[in-house]
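Subject: A structure for you to look at

Hi there,

Here is the structure I promised to pass on to you.

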Amino acid sequence: MLEEFKKFALKGNVVDLAIGVIIGAAFSKIVDSLVGDIIMPFIGALGGVDFSNYFIGLNKAVTSPILSEAKKQGAVLAYGNFVTVGINFLIIAFVLFMVVKGINKLQKKEPPKPEAPAAKPEDVVLLGEIRDLLKQKQA
């Protein structure tokens with residue numbers, strides 16, 4: 001059983017997948033920083049809106065206009081955070097789309113293979129054989 005596990009764990013596909021997950025986690029941090037530190041401040045500056053503090057108090061005890069304090073007072077529906085996460089997802093999806101598109105452009109494209117000549121019709125093949133036979137008889 002240990003030998004079987006060793007074969008599975010050291011298979012090329014499993015190692016490749018593990019490397020992909022590690023690189024993906026590192027890339028995720030880069031994309032999160034790009035979105036959170038570079039893109040979202042521009043969006044906030046354009047609209048002057050900070051979605052993260054939008055919420056609805058679910059009971060009468062919630063009176064604070066600040067989300068962190070309102071959570072201490074009682075249950076809140078923090079829809080602003082959901083909107084922020086949704087916008088982050090769209091931005092990340094677009095950035096990843098652009099990265100994949102750029103990588104695909106950089107990859108070498110194989111030149112198209114020349115098409116094989118079309119097969120000759122049967123009557124042309126037969127006429128060619130007859131011609132070859134007649135040449136052999138004349139020789």
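Below is what I found, going from the whole chain down to single residues.

Please keep in mind that this is a predicted model.

**The whole chain**

The chain holds 5 helices and 2 strands. If you walk along from the N terminus, the elements come in the order α-α-β-α-β-α-α.

How does the radius of gyration of the chain compare with that of a compact globule of 139 residues? The globule would come out near 14 Å, while the chain has 33 Å.

Of the 139 residues, 11% are buried. The accessible surface of the chain is about 12100 Å², and carbon and sulfur atoms account for 68% of that surface. As for charge, the chain has 16 positive and 13 negative charges, and their mean positions lie 2 Å apart.

One more number for the chain concerns contacts between residues at least 6 apart in sequence: 41% of them join residues at least 24 apart.

Ser28 is partly exposed because its relative accessible area is 33%, which falls between the limits of 20% and 50%.

Is Ile23 buried or exposed? With a relative accessible area of 53%, Ile23 is over the 50% limit and therefore counts as exposed. Between Ile23 and Asp123 there are 100 residues in sequence and 62 Å in space, taken from C-alpha to C-alpha.

**A residue in a loop**

Now move to Ser64, which sits in the loop that runs between strand E1 (56-57) and helix H3 (67-73). Why does Ser64 count as buried? Its relative accessibility is 8%, so Ser64 falls under the 20% limit.

What does Ser64 touch, apart from its neighbours within four places in sequence? Ser64 is in contact with Phe55, Glu69, Ala70 and Gln73. With Glu69 there is a polar contact too: the side chains of Ser64 and Glu69 are joined at 3.1 Å.

Best wishes

Conventions. Residues are numbered from 1 along each chain as its sequence is written. This is a predicted model: local features need pLDDT of at least 70, side-chain atom pairs count only at pLDDT 80 or more; totals for chains, interfaces and linings use all residues. Side-chain values use heavy atoms; hydrogens and water are left out. Helices (H or I, at least four residues) and strands (E, at least two) are DSSP runs, numbered from the N terminus. Buried means under 20% relative accessible area, exposed over 50%, partly exposed in between (1.4 Å probe, protein chains only). A polar contact is a pair of N or O atoms within 3.5 Å; within protein, one must be able to donate a hydrogen and the other to accept it, and residues adjacent in sequence count only if both atoms are side-chain atoms. Contact means heavy atoms within 4.5 Å. The radius of gyration is taken over C-alpha atoms; the globule rule is 2.2 Å times the number of residues to the power 0.38. Accessible areas come from the Shrake-Rupley method with a 1.4 Å probe; for residues, only the protein chains shown count as cover. Lys and Arg count as positive and Asp and Glu as negative; His and the chain ends are not counted. The place of a charge is taken as NZ of Lys, CZ of Arg, CG of Asp or CD of Glu.
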